[in-house]
Amino acid sequence: MLPGMAHRPRPSLYISVDIEADGPIPGPYSMLSLGAAVAGRQDADGYTPADPEAATFYRELRPIGDDFVPEALAVSGLDRARLADEGAEPAVAMREFGAWVRDVSQGAQPVMCGYPASYDWMFLYWYLMRFTGESPFGHSGCLDMKTLYATKSRLPLRAVAKRTMPAGLLSRRRHTHHALDDAIEQAELFSNLMAWPGAGV
């Protein structure tokens, strides 16, 4: 590098992730489905959105235990008995997911983004470490869309909800509680948030 030249950071490849689970925490409860969609890429020159349907991943997983919260299970409508027979083994699904992330993010650092990220990241990271021993996102490659919106809108985080957002930021897709549908929908929201200059600008 020549003297005085600034180091150009590695690009980030943002991957919208949505999971459906049958309880509040991983371990006692199970992640039942995982959907992911490439949202876009950011480098020193700015953010470039992707077609969120162009690069996607979806798996339904076998439950890892017998415990579940009926209300949580009802959100997704997934059938635990069917998944016990037909769902992918978690170790296989998470290895496939890790390989997919590494493939789509070649030349960039992958970043998981979610709305909100906390619940989905908790299950995703736990499953990756429990069943593969590693995470393609590292331990902190996670961006919360609610925080991104709160910062740009200058609102307290707990005041943020999709219903409070300008309509132009929201995806026109329905939120169905199918993990891939919702990952694609939220990939569009993320790209809109990245392009939005913020409140009062």
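In the predicted model, the side chains of glutamate 134 and arginine 102 meet in a salt bridge, with a distance of 3.9 Å from N to O. This pair links distant parts of the chain, since glutamate 134 is placed in the loop between α4 (117-132) and β6 (142-144) and arginine 102 in helix α3 (residues 90-104), 32 residues apart. Glutamate 134 is partly exposed, with a relative accessible area of 45%, and arginine 102, at 41% relative accessibility, also counts as partly exposed.

A search of the whole structure finds nine salt bridges, and another of them joins the side chains of arginine 82 and glutamate 60 at 2.8 Å, N to O. Arginine 82 lies in helix α2 (residues 80-86) and glutamate 60 in strand β4 (residues 56-60), so that this pair ties together parts 22 residues apart in sequence. Arginine 82 is partly exposed at a relative accessible area of 29%, and glutamate 60 is partly exposed at 22%.

Arginine 173 forms a salt bridge with glutamate 188, in which the closest N and O atoms are 3.0 Å apart. Here the loop between α5 and α6, which holds arginine 173, is tied to helix α6, which holds glutamate 188, and the two parts are 15 residues apart in sequence. Both partners count as partly exposed, arginine 173 at 31% relative accessibility and glutamate 188 at 23%. Salt bridges that share partners join Glu53, Arg173 and Glu188 into one network.

Helix α6 itself (residues 179-195) has 17 residues and reaches 24 Å from its first C-alpha to its last, close to the 24 Å expected at 1.5 Å a residue. Of these 17 residues, 13 are buried, so the helix is largely enclosed by the rest of the structure.

Serine 16, found in strand β1 (residues 12-21), counts as buried because its relative accessibility is 0%. A polar atom of the serine 16 side chain lies 2.7 Å from the backbone oxygen of alanine 183. Beyond residues up to four places away in sequence, serine 16 touches Gly35, Ala36, Ala37, Cys113, Met145, Ala183, Gln186 and Ala187.

Lysine 162 is placed in the loop between α5 (145-153) and α6. With neighbours within four places in sequence left aside, lysine 162 is in contact with Tyr115, Leu170, His175, Glu185, Gln186 and Leu189. Lysine 162 and tyrosine 115 are 47 residues apart in sequence, while their C-alpha atoms are 9.4 Å apart in space.

How values were computed
Residues are numbered from 1 along each chain as its sequence is written. This is a predicted model: local features need pLDDT of at least 70, side-chain atom pairs count only at pLDDT 80 or more; totals for chains, interfaces and linings use all residues. Side-chain values use heavy atoms; hydrogens and water are left out. Helices (H or I, at least four residues) and strands (E, at least two) are DSSP runs, numbered from the N terminus. The expected span of a helix is 1.5 Å times one less than its number of residues. Buried means under 20% relative accessible area, exposed over 50%, partly exposed in between (1.4 Å probe, protein chains only). Contact means heavy atoms within 4.5 Å. A polar contact is a pair of N or O atoms within 3.5 Å; within protein, one must be able to donate a hydrogen and the other to accept it, and residues adjacent in sequence count only if both atoms are side-chain atoms. A salt bridge is a side-chain nitrogen of Lys or Arg within 4 Å of a carboxyl oxygen of Asp or Glu.
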